[in-house]
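Let's take a walk through a protein model together. Have the structure open and look up each part as we get to it.

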Amino acid sequence: MAAQVNDESRDYVAIAIDYAKAAVADKKRRKFGKWIRLASKRFLDDLKRAKRKDSPFIFDEWHANDPCDFLEKLPHVEGKWVNPDGTPQPNLVLHPSHIFFVVQLFGFRKRDGTEIPDYGFFRPRRFTSALFAVARKNAKSTLSAGILLYCQCCEPEEGAQIMSAATTYGQAAIIFKVAKRMVELKAALREAFGLQVWAKALTRFETGGSFKAIHAKASTQDGLNPSHTGLDEIHAHKTSDLLNVLTSAAGARSNPLWLYTTTEGYANPGPWAEIRQFARNLLLGVFEADHYLALIYALDDEDKTEGYKEDDEFDESKWVKANPLLDINPHLMAAVRKEAIEAKQMPSKLAEFRIKRLNRPASTSSGWIDLGKWKKCGGAVDLSWLKKYPCTGGLDLASTTDLTAFRLVWNVDGVLYTYGLRWVPENAVAQRTERGTVPYASWVESGFLKQTDGDVTDYAVVGADIIALCKGLQVSSIAYDSWNASDLVSRLVEAGLPMVQFIQGGKSYHPAMTALEMAYVSGSFAHGGDPVLTWCASNFVERRDENLNMSPNKKKSADKIDDMVALLMAVGLSQAQKPSRSKNRSSFFDKPVVA
């Protein structure tokens, strides 16, 4: 929260727009990191989108301003705050970074709405999921508490169940206790909305709603129907169980909110890595997700596309990228400086400093693909034309409970063309859709993924689809990994397909990865704008052996890379074949025109 005089006439929308414009204009990233600059560009573009008649959402300035005004009527509950003139500051004053978040969260509304008795016409929020990732002590818990209180008091949700959720009750209670104390200190708030304060709940008689803290064990109880959920420090969740239970329980809500507030954490097998990667890919434009709002405040990593070097962790001028409140909170700067001195002298303190103060993962693995160049290779892939040329295939069966991939590659006139099929079991589609982290459902609907019945991929369907695709094509060989593939491979061999075992490791993958890298960087690659392949490419991390040979690193990759693995196996086989030449290209080189 900012230390400045509260002015009731503040135009919060204008503040948010000015903030976004300043971030976009900061091309040298002096104050705003990569992810906030991308989020700002998205916001400004979405304001333009909202004015179009074919847009699924609109932007409503009243809905954007009202929650900001509400939050600035809430009292401070931690520490002593003063205005620049030294007078006490009893109520919150939102920092522009917080206004930027709140204006987007509540200002964008779905175009379609409904009449609600005793309320009027209501358009639900566009965003049902929102991530605010920032270094510690940047008021994220206070922000979350205020947002959830606004939802309880001002959104027309009968029987609202507002929940502050975490793995332990102590962690879950942090946001709830802030909200509870705000209500206790503000009699006008209690009277205006009929709020009652209990030891472990805030209730509102008019709507039958409640606000409680809930932890992992309690989440298994019957009767849960969350309408708005604040998941604090999502990085600390070691499994997706709590998130899965709560998301599945909220199916009946028409205007739900999943609010993630977190600082980075040590690597664990929980949902945070998936959420973080989803948010980054969304901001990079790998896919669209109109339901998801993401702000990530962090120091910058190396960016080869923009020629940007990694931020120096001990350069004070860079810290504001992860700590937006540094410009108004001198106590925060003093604390970060102290921890920086300790981290510089004691390696044991470095990881904690990096995570908590710079909002960087403890260990990072940079992606192998330059997405800027990759997305420029979205040229058309015409199967009716390509059937004249020989091709190679790759089959990856790494997971029976998620993504299975088959991919074909043609090398025509030095250009690599690729086309693929992917399958997922219906259970995986349901889980990904509930968590809202990967758009499996929309990919199934648009034909980029095929859903099979049950909890595991139906290999009978996979085999039939591969055989049908290859019929009429000149498939010279299909690479496969022997793990878990014997039955399907036998079926494909019986159908006459030329299956070749692909030995996993750097010696096999390195030539393929080198060829693919040269192709897409030079623009001699066409993937048809395939969103599933692009998603897998964005997740892909390489491993290098002692001889610096490259191979896929599934353990360190942020999410599924199966489609990329299938592509690389197909490319590996294609390298052993002489590139095909089209008739037009061939005649040109055989009989060149000389001026």
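What follows is a short tour of a sheet, its helices, a helix pair, a loop residue and some cysteines.

## The sheet

Keep in mind that this is a predicted model. Let's begin with an open sheet built from eight strands, which line up as E7-E8-E9-E6-E10-E11-E5-E12 with mixed pairing. In general, strands in a sheet pair through backbone hydrogen bonds, and they can do so parallel or antiparallel.

Now look at the edges: strand E7 (195-197) and strand E12 (292-296) each have a single partner strand, so one side of each has no neighbour in the sheet. On average, neighbouring strands here are turned by 15 degrees against each other, ignoring direction. Ser164, for instance, has Ala213 in E9 as its bridge partner.

## Helices on the sheet

Helix H5 (residues 140-154) packs on this sheet and touches several strands, including E5 (129-133), E8 (202-204) and E10 (228-232). Its direction makes about 165 degrees with that of E11. Then there's helix H6 (residues 169-185), which lies across E6, E7, E8, E9, E10 and E11 and runs at about 150 degrees to E9.

Next, find helix H19 (residues 531-539) and helix H20 (residues 562-574). Their axes are 7 Å apart, and the helices pack at an angle of about 95 degrees. That angle falls between 65 and 115 degrees, so H19 and H20 are roughly perpendicular.

Who makes the contact? On the H19 side you'll find Val532, Leu533, Cys536 and Ala537, while H20 brings Asp562, Asp563, Met564 and Leu567. Sorted by type, these residues give six nonpolar, two charged and no polar.

## A loop residue

Thr401 sits in the loop between strand E13 (390-396) and strand E14 (404-412). With a relative accessible area of 47%, Thr401 is partly exposed. Leaving out residues up to four places away in sequence, Thr401 touches Pro425, Ala428, Asp455 and Val456. Gly379 is 22 residues from Thr401 in sequence, and their C-alpha atoms are 31 Å apart.

## Cysteines without a bond

How many disulfides are there? The count is zero. Take Cys151: its closest cysteine sulfur, in Cys154, is 8.7 Å away, so that's too far for a bond. Cys154 has its closest cysteine sulfur in Cys153, at 5.6 Å, which is also too far. Cys151 is buried at 0% relative accessible area, whereas Cys154 is partly exposed at 21%.

Methods. Residues are numbered from 1 along each chain as its sequence is written. This is a predicted model: local features need pLDDT of at least 70, side-chain atom pairs count only at pLDDT 80 or more; totals for chains, interfaces and linings use all residues. Side-chain values use heavy atoms; hydrogens and water are left out. A disulfide is a pair of cysteine sulfur atoms within 2.5 Å. Buried means under 20% relative accessible area, exposed over 50%, partly exposed in between (1.4 Å probe, protein chains only). Helices (H or I, at least four residues) and strands (E, at least two) are DSSP runs, numbered from the N terminus. Contact means heavy atoms within 4.5 Å. Axes are lines fitted to C-alpha atoms, for helices over the stretch in contact, and angles run from 0 to 180 degrees between N-to-C directions. Angles under 35 degrees count as roughly parallel, over 145 as roughly antiparallel, 65 to 115 as roughly perpendicular and the rest as oblique. Ala, Val, Leu, Ile, Met, Phe, Trp, Tyr, Cys and Pro count as nonpolar, Asp, Glu, Lys and Arg as charged, and the others, Gly among them, as polar. Two strands pair if DSSP finds at least two bridges between them.
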